[in-house]
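Trainee: I would like to learn how to read the features of a model one by one. Where do we start?

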Amino acid sequence: MGKIDIEKTKLFNDYIKHLNTLSTGSILLLVTFLEKIFSNPLDKWLVAMSLICFLSSVIGGVAVKTILTLMAYQNVEDNEIHPFILSISYYGTYLLWIGFLLGIISLAVFGIINL
């Protein structure tokens, strides 16, 4: 693995870590605020959708981080990785990003409706 590949991997790893942290924090804050601020909220399905999206984001992030960690410890190149493992990494990244985006959108819509 060259210096550029190592830097790319570090950047991607940090990206996954930050989105995972934001998703996990959003779940905790959402549950806390829902309990304390909204006594009778409208469109509760948006909260459920947001929680499911953030949870899927965390699951996708954990899958990708696991694969990155295994690749780092085994010191393998991209062309040595089984295609199934690569597909898990790609789909995990999509799940992470789409889950986070939809979770934020549904949470924002819920907040706007209940202001």
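Trainee: Which residues does Ser-106 touch, not counting residues up to four places away in sequence?

Mentor: Contact means heavy atoms within 4.5 Å. By that rule Ser-106 touches Leu-46, Met-49 and Ser-50. Ser-106 itself lies in helix 3, where helices are DSSP runs of H or I with at least four residues, numbered from the N terminus. This is a predicted model, in which local features need pLDDT of at least 70 and side-chain atom pairs count only at pLDDT 80 or more, while totals for chains, interfaces and linings use all residues. Residues are numbered from 1 along each chain as its sequence is written, and side-chain values use heavy atoms, with hydrogens and water left out.

Trainee: Is Ser-106 buried or exposed?

Mentor: Buried means under 20% relative accessible area, exposed over 50%, and partly exposed in between, with a 1.4 Å probe and protein chains only. Ser-106 counts as buried because its relative accessibility is 2%.

Trainee: What should I take from the pLDDT of the protein?

Mentor: pLDDT is the predictor's confidence in each residue, from 0 to 100. Where it is low, the predicted coordinates should not be read in detail. Here the protein averages 84, and 90% of the residues score at least 70. Confidence is lowest in helix 1, at a mean of 84, and highest in helix 3, at 90.

Trainee: How many salt bridges are there?

Mentor: Side chains of opposite charge can pair when their charged atoms come close. The rule asks for a side-chain nitrogen of Lys or Arg within 4 Å of a carboxyl oxygen of Asp or Glu. The count comes to one salt bridge. It joins the side chains of Lys-17 and Asp-14, at 3.5 Å from N to O. These two residues are separated by about one helical turn, because they are three residues apart in helix 1 (residues 3-36). Lys-17 is partly exposed at 42% relative accessible area, and Asp-14 is partly exposed at 34%.

Trainee: Which residues is Leu-68 in contact with, leaving aside its neighbours within four places in sequence?

Mentor: Leu-68 is in contact with Thr-9, Phe-12 and Asn-13. Leu-68 lies in helix 2 (residues 44-74). The C-alpha atoms of Leu-68 and Asn-13 are separated by 7.6 Å, although these residues are 55 apart along the chain. At 13% relative accessibility, Leu-68 is classed as buried.

Trainee: Where does Pro-41 lie?

Mentor: Pro-41 lies in the loop between helix 1 and helix 2. With a relative accessible area of 12%, Pro-41 is buried. Apart from neighbours within four places in sequence, Pro-41 is in contact with Leu-34, Phe-110 and Asn-114. The C-alpha atoms of Pro-41 and Gly-111 are 9.4 Å apart, across 70 residues of chain.
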